[in-house]
Amino acid sequence: QDKKFTIALIPGLTTDAFYITMRKGAEAAAKAVGAQLVFQGAPEFNPVTQVPVLDAVIAKSPDALLIAPTDTNQLIQPLKRASDAGIPIITVDTFIGSGDYQTGAGDGDFPLSYIASDNILGGAIAARALATAIGDKGKVFVSNVKPGISTTDQREQGFKDEMKKHPNIEVLETQFNENDANKAASQLQAVYARNSDLAGVFGANLFSAMGSSNGVQQAGQIGKMKVVAFDAPGSIVDSLNSGLVDMAIAQHPAEIGYYGVMSAYAHLTGNSIPTKIGTGFTVIDKKNVADPATAKFIYAE
Amino acid sequence: MNSAAPLLEVRNLSRYFGAVKALDNCSLVVRPGEVVALAGDNGAGKTTMIKAISGVYPPTSGEILLEGKPVSFSSPEDAREQGIETIYQDLALADNLSIGANIYLGREPMKKAFGFLPVLDRKAMAKAAEETMALLDFHVKRLEAPVSNFSGGQRQAVAIGRAVFWNAKILIMDEPTAALGVPEQRKVVSLIKSLKSQGKGVIFISHNLQDIFAVSDRIVVLRRGVVAGARNIVDTDHNEVVKLMVGG
Amino acid sequence: MNSAAPLLEVRNLSRYFGAVKALDNCSLVVRPGEVVALAGDNGAGKTTMIKAISGVYPPTSGEILLEGKPVSFSSPEDAREQGIETIYQDLALADNLSIGANIYLGREPMKKAFGFLPVLDRKAMAKAAEETMALLDFHVKRLEAPVSNFSGGQRQAVAIGRAVFWNAKILIMDEPTAALGVPEQRKVVSLIKSLKSQGKGVIFISHNLQDIFAVSDRIVVLRRGVVAGARNIVDTDHNEVVKLMVGG
Amino acid sequence: MVEQANPTSASHVAPQADHADVSKTVIQKIAQLRAWVFLAALLVVFELWARIDFGGTFVGSSFNWRSVAIFAVAPLLLAIGQTFVIISGGIDLSAGFIMGLAAVVAAHAINMLGVYMPLPIAMVLGICIAVAAAVIPGTINGLLISQLKVPPFIGTLGMFGVARGSAFLLAGGTTVPVKNSYLAELGNGQVLGLPYLVIVAAIVVVVMHYLLSQTRFGQHNYAIGANAQAARRAGVDIKRHLLRLYILSAICAGIGGALYAARFTAGAAQAGEPLLLDSVAAVVIGGASLFGGSGTIVGTIAGALVIAVIQYGLVFMNVEPFWQFIAVGVVIIISVLIDQAQRRFSGAKQDE
Amino acid sequence: MVEQANPTSASHVAPQADHADVSKTVIQKIAQLRAWVFLAALLVVFELWARIDFGGTFVGSSFNWRSVAIFAVAPLLLAIGQTFVIISGGIDLSAGFIMGLAAVVAAHAINMLGVYMPLPIAMVLGICIAVAAAVIPGTINGLLISQLKVPPFIGTLGMFGVARGSAFLLAGGTTVPVKNSYLAELGNGQVLGLPYLVIVAAIVVVVMHYLLSQTRFGQHNYAIGANAQAARRAGVDIKRHLLRLYILSAICAGIGGALYAARFTAGAAQAGEPLLLDSVAAVVIGGASLFGGSGTIVGTIAGALVIAVIQYGLVFMNVEPFWQFIAVGVVIIISVLIDQAQRRFSGAKQDE
Ligand SMILES: Nc1ncnc2c1ncn2[C@@H]1O[C@H](COP(=O)(O)OP(=O)(O)OP(=O)(O)O)[C@@H](O)[C@H]1O
Ligand SMILES: Nc1ncnc2c1ncn2[C@@H]1O[C@H](COP(=O)(O)OP(=O)(O)OP(=O)(O)O)[C@@H](O)[C@H]1O
Ligand SMILES: O[C@@H]1[C@@H](O)[C@H](O)OC[C@H]1O
Ligand SMILES: [Mg+2]
Ligand SMILES: [Mg+2]
C-alpha cells in the first residue's frame, strides 16, 4: 500500500496522562504502518467542547477516526455525521450506545470497534482489591472527580456494584473533588473525622487518588487506611513505593492506542476487525511495581 | 406673602447617617408660585433635606405632605411620578448616554417602526436635547455624544434641562448654577422666574446670595442640621442671612 | 504690571478631542506672585487648558515652559514634581479614603514602627487633614471617615486643602469656590492673596467675576477654544470681560 | 416642556456649546466594528495558513462555516444573556448550570410528554417547560440581587451551586437521553443548508438586539451600568429592572439548554459548565467593559465567533493541543490590543 | 504647608463641619469583622448539628481544625493575591494556572538541582526558581494591563491560556513527581502540631497584610480601585503600580504552586485550575467589592475559612454530594446577606 493514511485520535481530554500515553501507543503503531497520526482534543471531558474538535477533524477528512467519546448518548449524533461522511470510526476507552457495534440494533452501533479496558470492570477490580486489603469489612468511599464524566462515573458504578457482594463493607457517600487534590484530601479527612473506622478509599482518577492518599497521610493513617488508585502515571509509582497508595489499577492506554491504530489500518487495508477488543487491567502494588512485566504499564512520562 | 394652600410641606424631618445628625427636626413649606431658598453653610444639611424630599433617602423621622396629603416616597421614581423634579448637586447623569437619553431617562419616548414595532424614538430625544439646551442658550450639535464628553457647565445644563423638561409641580434645585457661566446663570434665574409665574413651587439651593435675593420669596437657613431661621425675602437682607448661616 | 521672568509660559497650545477643537492655539503667561484668571463661558476650553498644563492630557500641539525651560509632562505626577498643584473641577478625590489620605495621596508620610518597620503615619495624615481643613474654617472630627461621607462643599475644601498643602510654585484652581459657602469663598480669596504674597503663581478659573476682579492681576478670556482677549485687571471691567466671553 | 417662548436670548450672541465637526468620521465607524474587523483578520490568517500549509482552504469550505456556526451557538446564547448582565455592571456565573438544568428538564419533560401527546407538540411544550424551569433560578438571582442587594458575583455563584446540585439531582447524576425524533431533527437538521440551531440562535440574537438597542429596558440597562445611582434618581425602577435582567439571562441559558438537549438528544447537568469563561470573554472581546455601561449584541456575536473560529481553526490547522492553549490566549489578548490601537487612532474616548 | 497664620478667622464663628459623634460604635466595629462573625455562626451551626446528629463535636476536634487549615492554604494564597488585584478594580484569572506552572517548575527544578547539591538547598533554590517562574507571566500581565491598557479580565484570560499551555508543555501533559524528602516534609510535616504549610501561609498573610494596610503600595491600591483617574492626578504612578500588582499576585500563586509540589510530592499543571472561583469568592465574602476600592486581607482570610469550613463541614456532616453543591451555594449567599443586614444595622455606608 503506498497511500499514506491519516488517522485521527480524539481523546476524552488532552490534559490527562492516560490519553497522553494512549497517544504514544498510537504513534508507535502509526510509525510502524507508515500512517500519519493526528491528535486533537478538548481540555475538558465534556461533549460541548469535544464536538467542535470532532467537527474540525472531520473537516480534514481523515481516513479513520479513533475517539474516546465523552458521552454514550450525546456523541451519537455528532459521530453519525462523521460516519455519514464515510469516515470509519473506532471508539477507544469509552463507547457510544451500548458499546456493542455493528449489530444492526440501536442508534449507536455504527462504529467498527470498541477498544478499551472496561471502566465498570475496572471499578469492580478496584473494589475487589480494596475489599481484600481491608479484610472484607469496614467503611470505604469513592473519591471522584465530578459527576457527568462517563468513565469515572462507570468506575464508581462498577465499584459500588461489586461492593454489594461484600455485605460487611459499607460504602459511604461519594465525594466529588473537581480534580482538586487539595479538596480530595480534605474530603478524606472530613470523612475520617466522622468515621474513625474508615478502612479505605477508591480514588477514581489520578487527582482523586493523589488527594485521598495525602488526606490519609495528613490524618496519620498511612498503612492503616487503604488507598486504591485508578490510573497509573509516574507519580503513582512513588506513592506505591512510599506506601501512600496501596494499589493502582492500571489501564493499558498505550495498548489501546496501539490497537486502535492497528485496527484502523487493518480496516483501511481491507481486513476485517473485531468489534470489541478488551485491553484489560493490571493491578500494581508495592510488590510488583518494580517487576518489568507490570512496570511497563506505568503511564508514559 | 403667599397664603395659598401649601404644595409641599415638610414636618420635623430628620435624617441621621450613623452618628451624624445631618438633619434634625427641620420643617419647610412651599406654596404654588413660590420660590423657597434653602441656604446654609457647607455641610448644613441642604442636600440631605432635598434628598429626603425627592425620595433618595428614607428620612429617619418626620413627615412630608404633598398638597396636604402625607406621602412616603420609597424611591425617586415615586417622587417624580407625583410631580417633583430634582436637580442634584452631583448632577446624577448617566455619563455614557447622550443628552437626549439623559433627559428622557426612565421615560423614554417610543415610536412604532414598520407601523407596529415599538422602538426608542431617538429623534424625539435629540430634539428634546436641542430644545432644552437652547433654553439655557447652549446650542449643541453633538446629539449622539455621551455626556461625559461635555464640559462641567454643559453637564450642569443637561441636568437643569432634564428637570425643567418634565413640567413638574415642584422643582428642587441643588446649586443649579454652581458650574455655569455668567450668561447661563442669568438664564437660570429667568427660568426660575418663569416657573414661578406658572404657579410651580421651587426649592432653590444656592451659596449665591444675590441669586437667592433675586428669585426667592422666602429663605430658610439651615445650620448644622437644624433650621436656624426662616424669613420672607422682603423682610431680610444679606447680612442677616449670613448671620443666621454662621451663627453667633 | 509684573515684569519678572515668567514662572509658566504656555505657547500655542491646542488640544482636540477627535473632531472637537476644545483648545486651539492658546497662549498664557504666569509670573511669580501673579494671579491669572482664566475666564470664559461654559465649554470655552478652560478645563482643557489646565488639564494640558497639569499633565492630564498630552496636548495635541504647542509648548509649555516652566521657568523658561520647555517641559513635557507625561503624567500629572511629573507636573506635581515640578511644583504644579491643581484643583480639578471634578475634585479628583479617592472617595473611599479619608481626608488625610487624600491630601497625602501619592506622597504618604511614613514612620517607623518598632523602630525599624516603615508604616504609614496615619496620625500625620489626620493632623494634616485637621489643619488644612481649618485653613478654610472647616473643623472636621471624622478623620477616619471616607470623603464620600462629606457634603459637596466639604469635599471641595478637601481638594483645595490638598493643593495648598504641598506648597507648590504654581497653583491651578479650576472653579475652586463653586460649591463653597459664602464665608468659605472669602477664605479662598484670602488664601489666594496670601499665596500671591509668597510669590507663587496662580491660575484661577471662575465664573464669578467679583472673585476674579478681587484677586487677579490679569485675566485671559477664552471663547470657543481660542483666546478672545487678555487684559490687566486694572485696565478692564466686568462689562468688557463679559463681552469678550460671549463675543459679538 | 416648560412654556417659555425663548425670551431672553436677546442680550448676547449664543456661544456655541459645540465647536465640533459633527459628522462621524469613517474611521470611527469602523472602530465600532472592531471585533468584526478582528474576526475578518483572523479568517484571512487561517485561510493563508491553510493554503500554504496543505494547499487547502479554510474559508472556502461550507462545512467549516457550518461547524463554526453550530459551535458558536451555545456560548453565544449564554453570552447574549451575559451581555445584558455585564452592561448593567453585573455578572452571571450561574448561567452555565442553569443551561444544564434546562437541558435535563427538557429531556425529562419531552420524554414524559411524548407518552401523552404527539411528538412535535411534546417537543415544543417540553422546550417551554425547560425555559420556564430556567426562569426559577433566574428569578431567585434577580431577587437576591435587586431586593437583598447581594453582589451579583456572590448571588450567582451561590446559584451556580444550587442549579448544579438541582440539575444533577434531577438527572440522577447521569445524562438523560431523550427519545423524540423531532427534537433530534431540530438539533441536527437543516433547511437550505442552514442548521435549525443556527436559525433559532439567529432569532434569539435579533430579538435580543432589538431589546437592548431599541427598548426602554435596554436603555435603562446602559444607564444602570454607567451610574446606577443616577438611573435610580432619574426614576428607573432598578429593582424591577434587575429582576427582569437576571430572568432574561436565565432564559437565554434555558434556550441554550433546550437546544443542547436537541443537539445531543440528551440532557446533561454539566452541559454549560465549560462555557463560563468563554461566554464572558465573548462579551468583553465584543467591546463591553466589565465595569458596566458599554457593550452591544452585535459586538458579542463577533466576540463569540472570534473564540469559535480560533478554537476550531487551531484544531483544523492541527496545532498541538497545548500550543493551542497558548495560541488562544495570545489571540484573545491581540483582539483587544487592536481595539486600543483603534481608539487612539480614531479619537474615540480614551483614558486620560 | 502654606504659611498662613490662620489670619481671617476673626469675622465669624466657624461652622462645625462635623456635627457627628466621633467615636465608632461597638456595633460598627463588629460589622467590620462580619465575615468572621459569619464564620463563627457557621461553626456554631456545625457544632450543634454534630451534637444533635450523632452526639459528636465539630469544633472540639483539633483534627478538624488542622484539616480545615491545611485545606484553606492553597485557595487562601491565591485569594491573597486576588485581594490586592480586586481592590485595585482588576481581576486575575491566570493565577490558577500560574500556580500550576510554578508547581511544575518547582518539581523539575528540585529534581534537577537535587542531583548536584544537598537536598535542602535544592529544595530552597527550587522553590525560588518556581516563584521566579511565576513572576514571568505576572510581569506580562502587568505590562499588558499597565502599558497596553488591556482590560485585566482579557489580559489575564489570555495569560490563563498561555500559562496553562506552558505548564502542560513543561509537564509533558502529566504530573511530575518530585523526589526530595525535605520537600515532602515541608508539605506534610508539622512542628508543635502546626503544619509547616500553615506556618508558611501565615507568614505570607502577615507580610501581605502589612503591605496592604501599612505601605504606600497598599494605600495606592485602594485609591486606584476607587478612582484611578483621581489617583493618577494625585501623582500615583499607576503604570508602575499595576505592574507590581500583577507580579505580586503571581508571586502568591507561585508560592501556592511550590507548596502544592511539596504537599503532593508532584507538580501538576492543573494544580490551581479548580481554585479560581473559590478564591475570588473568598475575597468577596471577605468584604471586597469587585468594583474595587474595598477589601482587606483579614476579611479574605475569613472568607477563605468560610469556604473551607462549609465544604469540609458538609462532608463531615455526611450530606449527600449533590446536596453539598446546593448547600455550599446557599451558604455563600447567606454569608453576604448577613453583611447587608449588618450594614443597615450599623449605619455604615449603604446604597441610596
Ligand atoms: N453619606 C453620608 N454619610 C455620612 N455623613 C454624611 C453623608 N452625607 C452627608 N453627610 C454629612 O451630613 C452633613 C450634611 O450634609 P449635606 O450634604 O446635606 O450638606 P449641604 O448643606 O448640602 O452642604 P454643601 O453646601 O457643602 O453641599 C454634613 O456634615 C455631611 O458631612
Ligand atoms: N473628553 C472629551 N471629549 C470630547 N469633547 C470634550 C471632552 N472634554 C471636553 N470636551 C469639549 O471641549 C470643549 C471645552 O471643554 P472644557 O471642559 O475645557 O470647557 P470649560 O471651559 O472648562 O467649561 P466649563 O466652564 O463648563 O467647565 C467643550 O465643548 C467640551 O464639550
Ligand atoms: O481514563 C480516563 C481517566 O484517566 C481520566 O482521569 O478521565 C477520563 C478517563 O477516560
Ligand atoms: Mg449640598
Ligand atoms: Mg471646566
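In chain D, 77% of the contacts (heavy atoms within 4.5 Å) with a separation of 6 or more join residues 24 or more positions apart. The structure is a predicted model, in which local features need pLDDT of at least 70 and side-chain atom pairs count only at pLDDT 80 or more, while totals for chains, interfaces and linings use all residues. Residues are numbered from 1 along each chain as its sequence is written, chains are lettered from A and ligands numbered from 1 in the order in which they are written, and side-chain values use heavy atoms, with hydrogens and water left out. The secondary structure of chain D amounts to 14 helices and four strands, taken as DSSP runs numbered from the N terminus (helices: H or I, at least four residues; strands: E, at least two). Chain D has 352 residues, of which 62% are buried; buried means under 20% relative accessible area, exposed over 50% and partly exposed in between (1.4 Å probe, protein chains only).

Two packed helices are described by the angle between their axes and the distance between the axes. Here axes are lines fitted to C-alpha atoms, for helices over the stretch in contact, and angles run from 0 to 180 degrees between N-to-C directions. In chain E, helix α3 (residues 62-87) packs against helix α12 (residues 276-285) at about 60°, with the axes 8 Å apart. The two helices, α3(E) and α12(E), are therefore oblique; angles under 35 degrees count as roughly parallel, over 145 as roughly antiparallel, 65 to 115 as roughly perpendicular and the rest as oblique. The contact involves Pro75(E), Leu78(E), Ala79(E), Gln82(E), Thr83(E) and Ile86(E) of α3(E), together with Leu276(E), Ser279(E), Val280(E), Ala282(E) and Val283(E) of α12(E). By class, these residues comprise eight nonpolar, three polar and no charged, where Ala, Val, Leu, Ile, Met, Phe, Trp, Tyr, Cys and Pro count as nonpolar, Asp, Glu, Lys and Arg as charged, and the others, Gly among them, as polar.

Helix α3(E) also packs against helix α11 (residues 238-264) of chain E, at an angle of about 170° and with the axes 7 Å apart. The arrangement of α3(E) and α11(E) is therefore roughly antiparallel. Residues making this contact include Ile70(E), Val73(E) and Leu77(E) of α3(E) and Leu245(E), Tyr246(E) and Arg263(E) of α11(E). The contact of α3(E) with α11(E) has 14 nonpolar, four polar and one charged residues. Elsewhere in chain E, nine of the 11 residues of helix α9 (residues 216-226) are buried, so this helix is largely enclosed by the rest of the structure. Among the buried residues of α9(E) are Phe217(E), His220(E) and Tyr222(E).

The magnesium ion (ligand 4) is coordinated by Thr47(B) through OG1 and Gln89(B) through OE1, at 1.9 to 2.1 Å. Thr47(B) belongs to helix α1 (residues 46-53) of chain B and Gln89(B) to the loop between β6 (84-87) and α3 (99-103) of chain B, so the pair ties together parts 42 residues apart in sequence. Donors are N, O and S atoms within 2.8 Å of the metal (3.2 Å for Na, K and Ca); water is not among the atoms, so sites may look incomplete. Gln89(B) is partly exposed, with a relative accessible area of 23%.

In chain C, Lys187(C) lies in helix α6 (residues 182-197) and is buried, at 5% relative accessible area.
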